[in-house]
Amino acid sequence: MATTFADQLRSLPDEALGALIQLRPDLVVPVPADISALAVRAQSRNSVARCLDSLDEFTLLILDAARLSRATDTALTSVDAVLEFTGGVDAADVRGAIDRLRTRFLLYGPLESLQVVAAVDEVTSPYPAGLGRPADFLDPRAGALVADRAKLRRTVLAAPPAARAVLDRLAAGPPIGALSRAALDQTEPVRWLVDQHILVPVSEAGRAPRPDGELIELPREVGMLLRRDTGPLGALRPFPPLPDAPIRDPKAADSAGAGQVMEAVRATEAILDALAAEAAPVLRAGGLGVRDLKRLAKAAGVDESGAALLIETAYAAGLLGESEVNARNASTAAQDVFLPTGAYDLWRATGVAHRWAALARSWLMMTRQPGLVGRRDDRDRPINALAPDAERAGAPQARREALDALADLEPGAAPAVDDLLGLLAWQAPRRSRGREVAHRDAYTGAALLGVTGLGALTSYARLLLADPEPDETDPLGLHPAEAPADAVRALDELLPAPVDHLLVQADLTVVVPGPPEPDLAAELDAVAEPESAGGASVFRVTPASVRRALDIGYRADDLHTLFRRRSRTPVPQTLTYLIDDTARKHGGLRSGSAGSYLRSDDEALLAEVLGDKRLVPVDLRRIAPTVLVSPRPVARLLGALRDAGYAPVAEDAGGATVLTRPKTRRAPTRTPRIAEPLGPPLLAGPRLAGVVEQLRRGDIATRAARRAPVTVRAAQGQAMPGLTAVQQHSQAMAVLQQAVRDKARVWVGYVDSHGATLSRLVKPVSLSAGYLRAEDERGESLHTFALHRITAAVTEE
């Protein structure tokens with residue numbers, strides 16, 4: 001019968017070994033040489049801790065029951081012993097938990113003599129299920145007390161109310177409390193419990209008793225007595241606590257989520273456009289300043305926390321980056337600023353669904369936690385957006401856990417966040433501990449990005465989260481399924497179709513009844529000012545917007561044609577008059593460099609400009625009836641004239657009009673930073689079968705290598721009557737030469753570079769120039785041996 005851990009693994013059928021690898025994929029990264037190496041890895045602290053992190057609350061408590069029920073002399077337990085600790089729970093549920101532990105090889109051996117993997121005690125609490133150590137281990141007097149069950153019950157019942165409150169607190173776990181010596185002398189309830197040997201003063205493990213006080217521990221037997229109503233392990237929940245959540249109509253949830261998707265995409269675009277117009281400097285410590293964050297939040301119409309989330313997501317998607325700006329003068333150093341990247345222009349040209357998918361995927365995978373922005377770090381300093389302090393390696397896994405918990409519920413379920421946190425705490429207590437803030441941030445971000453609608457997970461988000469099924473036709477995983485494509489198609493069906501028309505009203509407002517097409521959006525950016533966004537966007541045509549369109553090359557006829565072609569309503573006369581009046585004034589003044597000059601055929605207009613007190617800072621003077629000059633640059637002169645309500649245009653040295661379009665500034669295109677895949681890849685199908693086969697072959701080769709012939713072992717230093725060393729070496733060369741001709745496998749004994757004597761089963765390939773080259777089938781590699789280091793060679797039998 002198999003007794004060792006490695007023998008237990010070796011005796012498994014291929015299906016069970018494959019199931020172990022699927023449940024604990026870290027065991028085969030990289031693939032171990034044989035099953036013995038697999039057994040060592042399966043008992044290591046890191047692997048056991050990683051496996052425990054994936055177990056639910058009930059299974060962990062059953063493991064604690066196995067630890068508590070171990071025999072003192074053999075350290076073995078059994079299913080029956082575990083069942084004694086789980087009264088009130090269906091035995092089938094307990095056996096199912098034990099099977100889960102045995103499948104993962106945290107418990108191994110026959111059912112009547114189970115053994116707990118040693119590393120479990122090293123990576124878990126020393127107090128299983130919150131119970132202390134046995135009384136006879138802590139103190140002989142406490143051991144004598146608990147040995148008399150009747151006396152123990154009488155002593156506990158006689159405890160004063162204050163002392164009983166202390167007992168109940170320690171019985172709930174952990175069973176340890178810290179108490180100073182002064183408090184031990186002054187606190188009557190605790191002193192009574194210590195005098196009665198119900199509590200035992202102990203020292204911290206690995207160190208001498210503390211001079212200022214002691215730790216107080218509640219013995220295990222006393223804790224189990226106090227838990228008589230709930231059981232030794234406390235309250236057991238074999239099944240997850242499903243939230244009592246309202247059920248939304250899935251279609252209503254999808255519609256609400258789609259509306260939020262449009263808002264998130266719009267707000268992201270507004271933030272990046274605001275940065276393109278006015279770049280934000282990178283702080284010396286890294287990140288975006290508080291004032292810039294407030295400015296961008298105001299431009300997007302969202303609060304600061306929402307703006308921080310969208311900025312972080314845009315940066316993770318590669319839409320935002322840093323760029324160095326030139327110094328204004330020699331005494332000023334160059335400065336880095338945040339600007340949209342070239343990828344932003346490509347992203348903006350795609351549909352809303354594609355834009356959302358890029359943002360949502362980046363949010364899921366980015367190693368940033370935007371919810372930390374605005375909070376204080378350990379040194380009481382505020383955490384800024386895009387600052388290194390908001391980096392959290394576990395953020396992607398926390399988001400996936402939070403959304404998977406929501407996805408496992410009924411479609412349309414919209415539970416409260418606290419109920420979801422309780423569910424996560426049951427599903428993986430070890431992993432969820434300390435991640436409550438990250439899980440809350442995940443639900444907040446999901447609502448802002450439209451991943452959830454009305455508190456329920458949307459149908460298109462389920463497609464985005466769906467893991468692709470292993471493809472038997474793609475064993476190497478070179479062509480993974482594109483789940484985002486399905487999510488984009490589902491979202492496209494929910495979003496309103498892009499429109500190519502608008503509605504012009506008499507008050508010069510322009511209504512776009514839906515998301516505009518890219519061409520229409522570009523035209524509106526040039527000729528109108530945005531006023532509101534949503535399902536229907538509202539713009540307003542102003543003199544400034546018309547003048548801006550004329551500045552970039554539009555003519556009055558072009559603007560009339562644009563509105564007639566795009567508008568589904570008659571173009572009002574007020575808009576026609578506005579365009580004509582602005583175009584009539586546009587170009588009436590001409591500016592050039594003198595510093596700069598200003599000319600016009602309208603002498604009265606020049607006289608008006610010259611007398612305008614608002615233009616005093618540009619120092620205009622007349623040099624001819626139709627020409628004014630200024631020592632200021634052309635750009636400053638043009639800006640001052642436009643601020644004063646005039647409509648000048650620039651001209652070149654030949655008198656031709658210079659068309660000016662606002663310069664688009666972009667940061668260098670950068671590769672988005674996303675997290676590595678969460679954990680080892682999922683093995684299934686041919687890949688899993690190949691790993692199992694490789695382990696079997698390596699195990700066979702390893703076990704064969706341990707059976708080296710006696711001749712080889714003797715040549716490595718063991719006493720053996722017979723040939724001398726010179727005769728052995730000559731015989732070895734002859735054996736190797738024959739093996740090269742016959743292509744046979746031989747045992748080779750040799751001394752390595754460190755002086756160690758080893759043996760290896762190989763197939764010789766060539767023997768020349770003082771070296772033997774041979775194939776090692778175990779490692780599937782080619783080895784080279786120096787002939788003078790070979791001590792023996794024996795043909796395989």
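**Charged side chains, close up**

Tutor: Let's begin with Glu608, which counts as partly exposed because its relative accessibility is 46% (buried is under 20% relative accessible area, exposed is over 50%, and partly exposed is in between, with a 1.4 Å probe and protein chains only). Keep in mind that this is a predicted model, where local features need pLDDT of at least 70, side-chain atom pairs count only at pLDDT 80 or more, and totals for chains, interfaces and linings use all residues. Residues are numbered from 1 along each chain as its sequence is written, and side-chain values use heavy atoms, leaving out hydrogens and water.

Glu608 sits in helix H31, residues 603–610 (a helix is a DSSP run of H or I with at least four residues, a strand one of E with at least two).

Now for the pairs. Side chains of opposite charge can pair when their charged atoms come close. The count here is 39 salt bridges (a Lys or Arg side-chain nitrogen within 4 Å of an Asp or Glu carboxyl oxygen).

Take Asp619 and Arg632: they form one, and their closest N and O atoms are 2.6 Å apart. Asp619 is in the loop between H31 and strand S18 (621–624), while Arg632 is in the loop between strand S19 (627–630) and H32, so this pair ties together parts 13 residues apart in sequence. Both partners are partly exposed: Asp619 has a relative accessible area of 37%, and Arg632 is at 26%.

Next, follow H32 itself. Its Arg642 makes a salt bridge with Asp551, with 3.4 Å between the closest N and O atoms. Since Arg642 belongs to helix H32 (residues 634–643) and Asp551 to helix H28 (residues 543–551), the pair ties together parts 91 residues apart in sequence.

Finally, look for a whole group: Glu269, Asp273, Arg348, Arg355 and Asp525 are linked in a network of salt bridges.
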